[in-house]
Amino acid sequence: MSEAACARVSVLTDTQAQLEASRCLMCEDSPCVAACPARVPVKHFIRALRFESPRRAINLIREQNVFAGVCGLACPVDRLCEGACSSTELSMPIQIGRLQHYAAETALRAGWKSRATPRTGQKVAIIGGGPSGLAAAAELARCGHRPTVFEKSPRPGGICTYGVPAHRVPQELVAGEVEYVKSLGVEIKPSSPLGDGTTLDALLAQGYRAVYVAAGAQQAAAVPIPGADLPGVTTWKQLLNAFSAFKLGEGPKPDVPQNVIIVGGGSVAMDVASAALQLGAAEIDMVCLEAPREMPADRNELDEVWAAGARFHTRSTPIEITGTGGKVTGLKVARIRWKEPDKFIPSNAVRIAGTEYWLPGAMVVFAIGAKPSPELAKLLTGVKLDASGRIVIDPETGATSRPGVFAGGDVAAGGGMTIVRAVAEGKRAGQAIDAYLRGGVS
Amino acid sequence: MITNERDLSIDFCGVHFVNPFLLSAAPPTDDLDMVRAAFEAGWAGAVLKTTSVETEKVDLVYPMMSAVHYDGHRIMGLGNIDLISEHHIDVVEKRAATLKREYPDRVVAVSMMGSKKEEWQELVRRLEAAGVDIIECSFSCPQGSMGEEPGAMLAQSLEATERVAGWVKQAAKRCPVVIKITPQVANIVKVAQAVKRGGADAICAANTIPSLMGVNVDTFVPYPDVQGRSTYSGMSGPATKPITLRTLAEISRQVDLPITATGGPVSWHDAVEMMLVGATTVQFCTAVMHYGVDIIDDLRDGLAFYLEDKGFAKPADIIGRALPNIVNHGELSRDVKVISALIEERCVKCDLCYIACRDGGHQAIKLRKTDRLPEIDREKCPGCRLCVTVCPADALTMVKK
């Protein structure tokens with residue numbers, strides 16, 4: 001998941017929100033809505049704020065996105081809604097993300113309850129309590145079904161809880177939005193990893209009529225270069241998980257040396273840099289294939305990391321992790337050029353001979369994506385996976401090769417996942433599961 | 001989409017409205033499909049634009065619209081030199097019948113205007129035959145009425161108001177009769193009393209305000225510029241709301257007639273304010289022309305959540321709630337002294353309160369040298385509240401001294 005979260009957790013005041021909402025042109029065509037993976041009715045929620053009905057505003061947002069506040073902060077808005085905003089031509093885009101965050105915080109503070117839906121429906125199991133799983137569960141509950149979410153960690157929220165650092169998305173906000181999902185009639189079972197008793201077959205045998213697999217991408221990728229197996233080489237997932245667990249009081253403070261080298265050019269790499277700085281690192285070196293304007297990281301986040309003093313080694317690739325006595329001492333890198341233009345993927349990079357140089361550092365963190373855990377295959381009998389271990393789905397419905405089993409989010413994505421996209425896939429799958437259950441097909 | 005399904009229905013002159021919101025007699029109701037779209041969107045009713053007998057010539061000019069903008073915001077007031085509808089009673093009676101057939105649960109009202117007794121009464125008969133729910137009489141077209149005093153508004157004459165209202169009421173066998181008046185009079189209460197004496201069932205308060213929308217300082221032609229000449233417009237829109245509220249309050253306090261409000265509402269909040277000073281239903285026009293018919297969703301949700309939050313069972317429960325709190329100036333309290341107070345963490349240090357107090361108030365605000373925060377002199381501040389009204393950051397409030 002690449003989340004563009006910059007440090008903007010302060011909630012707009014009522015006056016600021018009014019001022020910002022009053023700038024909205026409220027265009028009929030609403031390009032912001034088309035640019036939103038979750039199809040949040042931006043124009044209508046901003047109009048509701050402007051015309052003094054914040055309850056209507058949050059209802060409209062949550063109808064499409066139960067993680068309204070989280071996404072308001074974490075969405076790469078410059079590439080989504082705000083990037084499409086018609087007001088850009090006049091002055092600057094409307095701060096849609098901040099307005100959505102404001103609406104969500106206003107709702108949480110006021111304690112506005114959801115309307116209860118009668119529980120008449122059928123049992124559905126959700127594997128994974130991250131944004132996609134919870135969005136699917138919320139949709140199913142709204143349709144009258146009884147979803148149960150099996151979450152492996154002590155707390156639900158997935159990447160929102162154990163990935164995006166708390167200084168970007170406060171834990172109270174995540175917890176508040178998880179509570180909202182519960183209030184719709186969603187049961188969440190924390191500390192319930194998939195295992196012997198909870199395989200797909202076991203769940204279906206227990207009377208769950210359908211299953212949504214949103215187990216995420218649990219295995220972070222690393223570049224297979226010499227030295228990659230040294231202790232002191234880690235991944236974004238391990239570091240950010242440990243950082244979040246520490247912040248939540250669930251684990252010890254992760255040890256981070258003075259010099260940290262981070263491989264990756266996305267928002268997650270920037271999150272890792274922020275976390276490393278907070279954990280006491282003094283020197284940060286960022287290594288990525290892309291030139292600055294090619295990096296997928298959110299601009300604000302990148303600026304923050306740059307302003308904090310990190311050195312950027314762009315258009316560069318790691319070639320060897322050096323070490324002595326079982327300890328990392330640094331990373332050898334080389335410059336690259338792209339074979340074909342505008343194709344910023346590793347297979348398109350060519351090393352430029354004679355450009356190798358060495359960076360000193362006691363820790364190397366890979367922040368270059370993740371794929372599903374390889375154990376998943378055993379637990380998901382009858383579900384077709386692709387060569388990289390991801391679940392193959394119908395992009396419209398999330399249906400897998402096994403009837404009654406649906407999937408979405410990182411567990412099925414080829415890349416480019418965001419929280420808002422995971423939510424959108426969860427909601428869509430929730431609707432598809434409802435249709436499946438009503439159709440009575442098995 | 002609405003997110004609160006609460007029942008918002010209300011009765012006005014014995015006619016049932018599914019919510020208190022309807023379209024006023026104006027451009028949005030001058031076309032059958034536009035009214036259909038409004039009903040589909042959820043409006044409870046529509047007053048079809050003022051019609052007349054077939055022999056009446058309606059001679060429009062274009063362009064007809066202009067607006068007064070304020071501080072970067074469009075349409076504080078909308079000016080229009082439109083006349084009554086070009087569609088005569090033969091067209092409008094069919095439209096009304098069609099709408100009633102297609103939308104039996106919606107209120108179809110028609111605004112009408114005649115130039116003599118026979119015309120007023122013929123219009124009533126034909127509209128009743130067409131099945132309309134309410135007859136609204138325009139006594140207040142800003143371009144003037146027809147007939148006895150062409151060019152002057154009927155509702156500016158107490159005698160004419162009472163007489164014509166009587167004609168209409170005499171002819172109306174089934175429909176409640178609503179008289180739409182103008183705020184452009186010396187004493188609105190006397191007009192409302194004349195309406196009541198004439199026997200009408202309700203008042204629509206109030207029509208647009210005769211205005212000169214602006215003058216082009218290069219060409220010396222006011223707006224709208226019609227080939228180098230202009231004329232007075234009828235102004236609607238949010239700028240007129242306070243005038244409407246005063247009109248409503250005055251009538252409600254003095255005259256026992258139900259009121260349908262019009263003039264400036266944009267949001268549910270505006271509508272609630274109008275109901276609090278006596279309106280039963282609220283008619284919208286400019287907001288719909290600016291933002292579209294689907295603002296009805298905002299109105300319905302906003303009112304529903306308001307009633308829910310305040311613990312009111314139905315919209316009718318809020319009508320007139322603010323009226324007991326309106327008194328004459330002499331009856332206002334002189335006993336409690338209030339002064340302004342700063343909420344420091346909100347202050348953005350723009351100094352606007354300082355300037356306002358210095359040049360329009362009582363020199364009771366100083367700027368602290370160290371941090372530029374305003375300091376209020378408790379002795380000098382008489383509590384006029386100018387500073388609170390200029391503060392862009394809601395950083396000033398009034399407290400008891």
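Modeller: Two strands pair if DSSP finds at least two bridges between them. Helices (H or I, at least four residues) and strands (E, at least two) are DSSP runs, numbered from the N terminus. This is a predicted model, in which local features need pLDDT of at least 70 and side-chain atom pairs count only at pLDDT 80 or more, while totals for chains, interfaces and linings use all residues. Residues are numbered from 1 along each chain as its sequence is written, and chains are lettered from A and ligands numbered from 1 in the order in which they are written.

In chain B, strand β3 (residues 21-23) and strand β4 (residues 45-51) are paired in the parallel sense over 2 bridges. Leu22(B) has Gly45(B) in β4(B) as its bridge partner. Both strands belong to a closed barrel of 8 strands with parallel pairing, in the order β3-β4-β7-β8-β9-β10-β13-β14 (chain B). From one strand to the next, the twist averages 25°; axes here are lines fitted to C-alpha atoms, for helices over the stretch in contact, and angles run from 0 to 180 degrees between N-to-C directions.

Helix α6 (residues 241-254) of chain B packs on the sheet. The helix α6(B) touches β10 (202-205), β13 (259-262) and β14 (279-284) of chain B, where contact means that two C-beta atoms, placed from the backbone, lie within 7 Å. The direction of α6(B) makes about 165° with that of β13(B).

For the wider setting, an automatic or database domain assignment divides chain B into domain 1 (10-325) and domain 2 (333-400).
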